[in-house]
Amino acid sequence: MPTTETPPDDGGSGGSRRTWLREHSELGVCLMLLALGALVLTDALTMDVEIAQRGPIGPKTVPIAVGIGLLVVAVILAIDVLRGGRGEAEGGEDIDLSEPADWRTVLLLAGVFLGAAVLIEPLGFPVAGALLFWGAAYALGSRHLDRDPLIAAGLSLLTYVVFNNLLGVPLPGGPLMGVL
């Protein structure tokens with residue numbers, strides 16, 4: 001019959017509890033998945049949708065399936081961790097942990113995303129998206145100043161047309177609304 005190990009009592013210093021928590025740190029991921037699943041399910045179940053307008057499969061179906069999936073994965077992962085399962089470190093990572101983080105790139109990308117979020121209303125998605133794509137390429141090291149803006153503009157226009165015209169998801173057009 002399998003037995004579960006209990007942490008040794010160290011006189012109430014709390015060290016054994018910290019050791020147990022450190023050895024079972026994957027339970028934090030389980031809690032995050034559980035909370036996310038509960039949030040998705042709550043949001044989906046409180047959605048105000050009339051079924052007669054949408055048919056048998058409406059906008060609640062996918063969020064409910066995703067929420068249930070998150071809860072199931074959280075429970076299965078928690079059981080595995082409590083039975084002694086541990087995540088393995090990736091052996092194929094090409095990262096030198098002795099090098100410091102590249103905060104310049106991170107801050108440039110954050111600035112580009114923030115700038116696109118601020119500019120999307122006044123300039124519209126095609127212009128803000130082009131700036132986003134070009135700025136991200138520049139922040140990540142591309143220095144082709146003649147080619148990158150053209151590719152960014154093409155990607156942004158293609159994304160706008162696909163979402164706005166083909167999928168019916170309205171995106172702000174900005175000053176280009178009459179042209180596109």
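A: Let's start with a term you'll need: a helix axis is a line fitted to C-alpha atoms over the stretch in contact, and angles run from 0 to 180 degrees between N-to-C directions. This is a predicted model, where local features need pLDDT of at least 70, side-chain atom pairs count only at pLDDT 80 or more, and totals for chains, interfaces and linings use all residues. Residues are numbered from 1 along each chain as its sequence is written, and side-chain values use heavy atoms, leaving out hydrogens and water.

Q: How many helices and strands are there in the protein?
A: Helices (H or I, at least four residues) and strands (E, at least two) are DSSP runs, numbered from the N terminus. Here you'll find seven helices and zero strands, so the pattern along the sequence reads α-α-α-α-α-α-α.

Q: How do I read the packing of α6 and α7?
A: Two packed helices are described by the angle between their axes and the distance between the axes. For α6 (125–139) and α7 (148–166), the axes come within 8 Å and cross at roughly 135 degrees. Angles under 35 degrees count as roughly parallel, over 145 as roughly antiparallel, 65 to 115 as roughly perpendicular and the rest as oblique. That is why α6 and α7 are oblique to each other.

Q: Which residues make the contact of α6 and α7?
A: Contact means heavy atoms within 4.5 Å. From α6 the residues include Phe125, Phe133 and Trp134, while α7 brings Asp148, Leu155 and Tyr160 among others. By class (Ala, Val, Leu, Ile, Met, Phe, Trp, Tyr, Cys and Pro nonpolar; Asp, Glu, Lys and Arg charged; the others, Gly among them, polar), this contact has 12 nonpolar, three polar and one charged.

Q: Where is Ser142 found?
A: Look in the loop between α6 and α7. The side chain of Ser142 makes a polar contact with the side chain of Asp148, at 2.4 Å. A polar contact is a pair of N or O atoms within 3.5 Å; within protein, one must be able to donate a hydrogen and the other to accept it, and residues adjacent in sequence count only if both atoms are side-chain atoms. Not counting residues up to four places away in sequence, Ser142 touches Ala137, Arg147 and Asp148.

Q: At what angle do α5 and α6 cross?
A: Helix α5 (residues 103–123) and α6 cross at roughly 175 degrees, with axes coming within 8 Å. They are therefore roughly antiparallel to each other. Leu109, Phe113 and Ile120 are among the α5 residues that meet α6, where Leu131, Leu132 and Ala139 are among the partners. The class count for α5 with α6 is 15 nonpolar, two polar and no charged residues.

Q: Is Thr105 counted as buried or exposed?
A: Buried means under 20% relative accessible area, exposed over 50%, and partly exposed in between (1.4 Å probe, protein chains only). Thr105, in helix α5, counts as buried because its relative accessibility is 15%. Its side chain joins that of Asp102 in a polar contact of 2.5 Å. Leaving aside neighbours within four places in sequence, Thr105 is in contact with Ala139 and Leu140. Across the protein, buried residues make up 20% of the 180 residues.

Q: How do α2 and α4 pack?
A: Helix α2 (residues 27–45) and helix α4 (residues 61–82) pack at about 160 degrees, their axes 8 Å apart. These two are therefore roughly antiparallel to each other. Residues in that contact include Leu27 and Cys30 of α2 and Ala78 of α4, and the classes come to 22 nonpolar, two polar and no charged residues. Ala78 touches both Leu27 and Cys30.
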